[in-house]
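Here is a short briefing on one protein model. It covers pockets first, then aromatic contacts.

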Amino acid sequence: MNPGSRVAADRVRPPDHRFARLAQVRQLTLARPADSLGELDAVYRKVAAIRAEQAPGPLPTAVSVLAGDHGVAARGVSAFGSATTSAVARLIDAGRAPVNLLAAYAAAPVYLADFGLTEPVGHQRFKVGAGTRDISMADAMSVDQARLAIENGCDHVASIPDAGLVAIGEIGVGNTTAAAALAARLLGQAPSATVGTGTGIGPAQLAHKRRLVDAALVRTASVPGEPVRLLSALGGFEIAGNVGVILGAAERGMLVVLDGYITAVAAMLATRLCPAVSSYLVAAHLSREPGHRLVLSSLGLRPLIDADLHLGMASGAALALPMINAALAVGRDTPTARDAGLDGRR
């Protein structure tokens, strides 16, 4: 790690779990059955620990989307070509993409950052490079670039004002291939367990994609398992950037809402750099990618939504923001059973 990123990781403090216990005790007194909001009640307690408050309420929201191109996309691993990434980025930048529409219902501004597009879109403050190399044949990036991407992710989330609840996502044709390779290596799984259809490829393309991931794993078999080195070997600029976003958000006491497979892999890498980060994470949804369930299980996370979402661009995480804030409002504002005349006394 470079000094800035290491400082970011070192500054992540474990949440104060005493407040999670206090929130749980308080929930037992309310005019509703305990844990009746299921996983959302668990999120409420997680927020209580992060905020060091017994009864936290709704939080200001934001959505972060990082963009990057992948050299392996030229090998036919996606239903779309690399030019699609920049086209989608322009749509987000113009405020017209699905994630913008979903985020509007959560009163969440969307912050797009170009971390590695071959065709630049929007501001270039956090740009690391113009696309990665083909991971089946060469390292995606240098170790210095991986470190810079993480540092820039920390800086990107630091530039988002006032948010206590941040949904994170990404765009990048070919990034499910990179994520599948990283997941296979981190979890000790075969490509058959981590490679999925991504944007909707057919059986022949899926088999080809698995072969390329297998080639990448064979090529990097001797690479140490240190997260930054793995990112340089198998990752993407937006994946490494999201490792930094997660670290920086946790450092600032934000609840981090992960979108899908790619951000979950970034979270797995972030937790290996800084285990305390795990207490700041929420999984928005479970995608159709087979490796996603494995990664969430390794993180100890249960998804809030299981609706076969596979749109990407932080759309699932944006969809979860109003749900989380609604649960925080219920947790804070529901009267006690005694005040509501529901304490069982006659």
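How do the residues of the lining of the second largest pocket divide into nonpolar, polar and charged? They divide into eight nonpolar, three polar and four charged. The model is predicted. The points below give the setting.

**Second largest pocket**
- The volume of the second largest pocket is about 200 Å³.
- Its lining has 15 residues, and E39, A42, V43, K46 and L281 are the closest to its centre.
- At least two lining residues come from each of α2 (17-27), α3 (39-51) and β5 (281-283).
- α3 gives the largest share of this lining, with six residues.

**Largest pocket**
- The largest pocket has a volume of about 650 Å³.
- It is lined by 32 residues; N175, T199, H310, L311 and G312 are the closest to its centre.
- Two or more lining residues come from each of α4 (83-93), β3 (165-171), α7 (175-187) and α12 (261-273).
- The lining of the largest pocket holds 17 polar, eleven nonpolar and four charged residues.

**Aromatic pair**
- One aromatic pair turns up in a search of the whole structure.
- The ring centres of F115 and F126 are 6.2 Å apart and the planes are at 25°, so the pair counts as stacked.
- F115 is in strand β2 (residues 110-116), while F126 is in the loop between β2 and α6 (143-158).
- The two residues are eleven apart, and the pair links distant parts of the chain.
- Both F115 and F126 are buried.

Conventions
Residues numbered from 1 in each chain as written. Predicted model: local features only at pLDDT ≥ 70, side-chain atom pairs only at ≥ 80, totals over all residues. Heavy atoms only, no water. Phe/Tyr/Trp six-rings, centres within 6.5 Å; stacked < 30°, edge-to-face > 60°. Helix = DSSP H or I, 4+ residues; strand = E, 2+ residues; numbered from the N terminus. Buried < 20%, exposed > 50% of the residue type's maximum accessible area, 1.4 Å probe, protein only. 1 Å grid on protein atoms, 1.4 Å probe; cavity = no way out; pocket = protein on both sides within 12 Å on 5 of 7 lines; lining within 4 Å. Points joined across faces, edges and corners; volume = space filled by probe spheres on them. Nonpolar A, V, L, I, M, F, W, Y, C, P; charged D, E, K, R; others polar.
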